[in-house]
Amino acid sequence: MEQRFKKNSLISAAVVFLLGALLLEARAFSAEAENMRLVGFCDLQGRESLQVVLKGNHAYIGHHRGEKTNPLTGRSEPNGTTIVDVSNPAQPAILKHIPGRKGAESRAVQVVEKFSGGKDYLLRNQEAGDFTGFEIWDITDKENPVIVSTIGPLQAAHKSWWDPQSGYVYLSGTQPGWRGQHLIIYDLRSPARPRFVSNWGLPGQRPGDREGGGVSLHHPVVSGNRAYLSYLFGGDMVVLDIADKANPRMISHLDFSPPHSGIHTTAPFNGLRVPKITQGQGNVRNFLVLSEEAFAYGCREQRRQLHLVDATDEFKPVPVAAFKVPDGDFCKRGGRFGPHQFAETRDGELIGGSLLYVAYFNAGLRVVDISDPYRPREVGFYIPDPGQPSKIGGATFVQTNDVDLDYRGLIYITDRDGQGMHILEYTGKK
């Protein structure tokens, strides 16, 4: 009797252990969400993805290096740029994958619609062995794009901002003779005939500079006659007057220096109402949001974060607050943990408002309320299921890499490890 009891107890314990293991496994492979709803999913052919840009009913995705089979052609193609029809967000459909050059990094993409001659154009970077620079494509017929011109060769070609109002493009790249990525301005009003306008860099970057250096521009964000420059390596943040595009003029330079240094993104969030601000200064202020980029796997670095800067006086920007997601168990999940990029645009226009949508690597998408810029607070999140069929390398964690919004307010996130594009809806208070 006692032996039977012990045997039954052992069986029960084994069952409990097995069920517990299954529950833990199910939890590890299920989506986590708060105030978010999954609307649709596209596997992006399993390609490692970075920038996503929404224009109307189409999503445009730039990819990291790699090569995958394209089911639309039946051929293996170097990762390039994918065009997805999202008119029905519950069932997104890939219309075209534009292969990159062999071995190319094709991370960045910009799109203008009904532009020169009423056509649609796409600009993307290419960093390959045979060419480093930018390509301009006519994508009026989304399924049959045609390359129309190139900008280069350059020594680096990272990211860009194409301003459809002025027709000028602002590139992060490296011209021969310059040190580190800097701002390169081209006139693209005629996309088939790019015209160089000017270079701009911090001291130490320009040809002939003997002191300084060690800085590198990640990318610009442009609003009217202002360019907001983010330096991932040194330099940090610059506000630039670009009214005279041949002679840009620095308005302010904010250097966080170690331990907080290395800004990925800077964008303006103007007209925020600030309660109980200093008497006589007005309670409607203009702010900049800055995001650092997490690099190290397993949290082996100074924790990266978001910064909020009061730039009402753009000549004297003042940091007022910071935000970061608590560590929780993210440092043990694998991959990078920390911010990368927040949504800069909605349907191609600067996003503004008081909600930040932040790509946070293995912590997925985070939604942060900055209606009180002195006290940013998280109001929602979505961590995709890392067990999607598109996962590669046996990964059991996500690496949410970029985020953008469409005209409906739907949110699109991409994954650095090839786990596709998730289409989401924020269901919290807006």
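Buried here means under 20% relative accessible area, exposed means over 50%, and partly exposed is in between, with a 1.4 Å probe and protein chains only. Everything below comes from a predicted model, where local features need pLDDT of at least 70, side-chain atom pairs count only at pLDDT 80 or more, and totals for chains, interfaces and linings use all residues. Residues are numbered from 1 along each chain as its sequence is written, and side-chain values use heavy atoms, with hydrogens and water left out.

View 1. D120 sits in the loop between strand 9 and strand 10 and K142 in the loop between strand 11 and strand 12, so the pair ties together parts that are 22 residues apart in sequence. Strands, like helices, are DSSP runs numbered from the N terminus (strands: E, at least two residues; helices: H or I, at least four).

View 2. Four strands make an open sheet here, ordered 9-10-11-12, with antiparallel pairing. Two strands count as paired if DSSP finds at least two bridges between them. Strand 9 (109-112) and strand 12 (146-151) are the edges, each pairing on one side only. Neighbouring strands are turned by 25° against each other on average, direction ignored; the axes behind such angles are lines fitted to C-alpha atoms (for helices, over the stretch in contact), and angles run from 0 to 180 degrees between N-to-C directions. Strand 10 (residues 121-127) and strand 11 (residues 132-138) run antiparallel and are joined by seven bridges.

**View 3. D138, at a strand pairing and in a salt bridge.** Across from D138 in strand 11 stands Y121. The side chain of D138 also meets that of K119 in a salt bridge, 3.6 Å from N to O. This one links distant parts of the chain, with D138 in strand 11 and K119 in the loop between strand 9 and strand 10, 19 residues apart.

View 4. The structure holds 26 salt bridges. One of the side-chain pairs is D406 with R408, at 2.9 Å, N to O. D406 counts as buried at 0% relative accessibility, while R408 comes out as partly exposed at 28%. Elsewhere, a salt-bridge network links R65, E105, R107 and E127.

**View 5. The surroundings of S49.** S49 belongs to strand 3 (residues 49-55) and counts as buried at 1% relative accessibility. What does the side chain of S49 pair with in a polar contact of 3.1 Å? The partner is the side chain of H63. Such a contact is a pair of N or O atoms within 3.5 Å; within protein, one must be able to donate a hydrogen and the other to accept it, and residues adjacent in sequence count only if both atoms are side-chain atoms. A polar atom of the S49 side chain also lies 2.9 Å from the backbone oxygen of R47. Leaving out residues up to four places away in sequence, S49 touches several others, including L44, I61, T414 and R416, where touching means heavy atoms within 4.5 Å. N401 is 352 residues from S49 along the chain, yet their C-alpha atoms are separated by 7.3 Å.

**View 6. Two nonpolar cores.** A nonpolar core is a set of buried Ala, Val, Leu, Ile, Met, Phe, Trp, Tyr and Cys residues joined through side-chain atoms within 4.5 Å. The largest one has 59 residues, and L229, F269, Y357, L365 and I411 have the most contacts inside it. Strand 28 (residues 355-361) supplies the largest share of this core, six residues. Another core lies apart from it, with 15 residues, among them V112, F115, I136 and L171.

View 7. Six bridges pair strand 18 (residues 226-233) with strand 19 (residues 236-241) in the antiparallel sense, and A227 stands opposite L240 in strand 19.

How values were computed:
Salt bridge = Lys/Arg side-chain N within 4 Å of Asp/Glu carboxyl O.
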